[in-house]
Amino acid sequence: MISMDIIALPVEHNKDAIDSRFRLVSIAAQRARELSLGATSKIQTKAKKVTTTAIVETISGKIDFLTGADAVAEREKAERIDYKKLIEERRRPIEDLSELEKDLKVYLHEKGTPERALEDLFSESEEADTDTGEE
């Protein structure tokens, strides 16, 4: 039986750009969080894990970061931003919603209660499945 050991190679990085391994890990962790939330990758890689992609992006210098007083100033600036207010301002009303609501009200009114309408929807799909099975 062949035993397969996991080999972890040390990550080589430019120490002029990133001064310590702790900073590398911190930057890669923040980038991995962004990637997991749907950010697009800045490089082409075969890696499937967001953590691996984040480390490769960080090592290759594709990620901009701040340190020291600049980072503290930007964090304080970000804490003052009211994100909920920004989201509310950018939220656009759906123009065709009234038409959709009218259609739904007509449908629900015809079916009686919403529970009954849902029950009818599911019972129709089961009948359709059994009809196709009999043919």
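Predicted model: local features only at pLDDT ≥ 70, side-chain atom pairs only at ≥ 80, totals over all residues.

Mentor: We will go through the elements, a helix pair, the salt bridges and a surface patch.

Trainee: What share of the residues counts as buried?

Mentor: Buried means under 20% relative accessible area, exposed over 50%, and partly exposed in between (1.4 Å probe, protein chains only). In this protein chain of 135 residues, 12% count as buried.

Trainee: At what angle do helix α1 and helix α2 pack?

Mentor: Axes are lines fitted to C-alpha atoms, for helices over the stretch in contact, and angles run from 0 to 180 degrees between N-to-C directions. Helix α1 (residues 21–36) packs with helix α2 (residues 50–59) at an angle of about 125°, and their axes are 8 Å apart. Angles under 35 degrees count as roughly parallel, over 145 as roughly antiparallel, 65 to 115 as roughly perpendicular and the rest as oblique. The pair α1 and α2 is therefore oblique.

Trainee: Which residues can I use to follow this in space?

Mentor: Take Arg-33, which lies in helix α1. Arg-33 is 21 residues from Ala-54 in sequence, and their C-alpha atoms are 8.9 Å apart in space. Arg-33 counts as exposed, because its relative accessibility is 54%. Gln-30 is also placed in helix α1. Its C-alpha atom is separated by 9.6 Å from that of Thr-51, 21 residues apart along the chain. Gln-30 counts as partly exposed at 48% relative accessibility.

Trainee: How many salt bridges does the structure hold?

Mentor: Side chains of opposite charge can pair when their charged atoms come close. A salt bridge is a side-chain nitrogen of Lys or Arg within 4 Å of a carboxyl oxygen of Asp or Glu. The structure holds four. One of them joins Asp-19 and Arg-23, at 2.6 Å from N to O. Arg-23 is partly exposed, since its relative accessible area is 28%.

Trainee: Is Arg-31 buried or exposed?

Mentor: Arg-31 counts as buried, because its relative accessibility is 5%. Its side chain meets that of Glu-34 in a salt bridge (2.9 Å, N to O). Arg-31 and Glu-34 are three residues apart in helix α1, so about one helical turn separates them. Glu-34 is partly exposed, at 42% relative accessibility.

Trainee: Which residue forms a salt bridge with Arg-91?

Mentor: Glu-88 does, with the closest N and O atoms 3.3 Å apart. Elsewhere, salt bridges that share partners join Arg-31, Glu-34 and Glu-57 into one network.

Trainee: Which residues form a nonpolar patch on the surface?

Mentor: Patches are made of residues with over 30% relative accessible area and no salt bridge: like charges are joined within 9 Å, nonpolar side chains (Val, Leu, Ile, Met, Phe, Trp, Tyr) within 5 Å. Accessible areas come from the Shrake-Rupley method with a 1.4 Å probe; for residues, only the protein chains shown count as cover. Here Ile-81, Tyr-83 and Leu-86 form a nonpolar patch, with about 270 Å² of accessible area together. Leu-86 sits in helix α4 (residues 83–90). Leu-86 counts as partly exposed, at 36% relative accessibility.

Conventions:
Residues numbered from 1 in each chain as written. Heavy atoms only, no water. Helix = DSSP H or I, 4+ residues; strand = E, 2+ residues; numbered from the N terminus.
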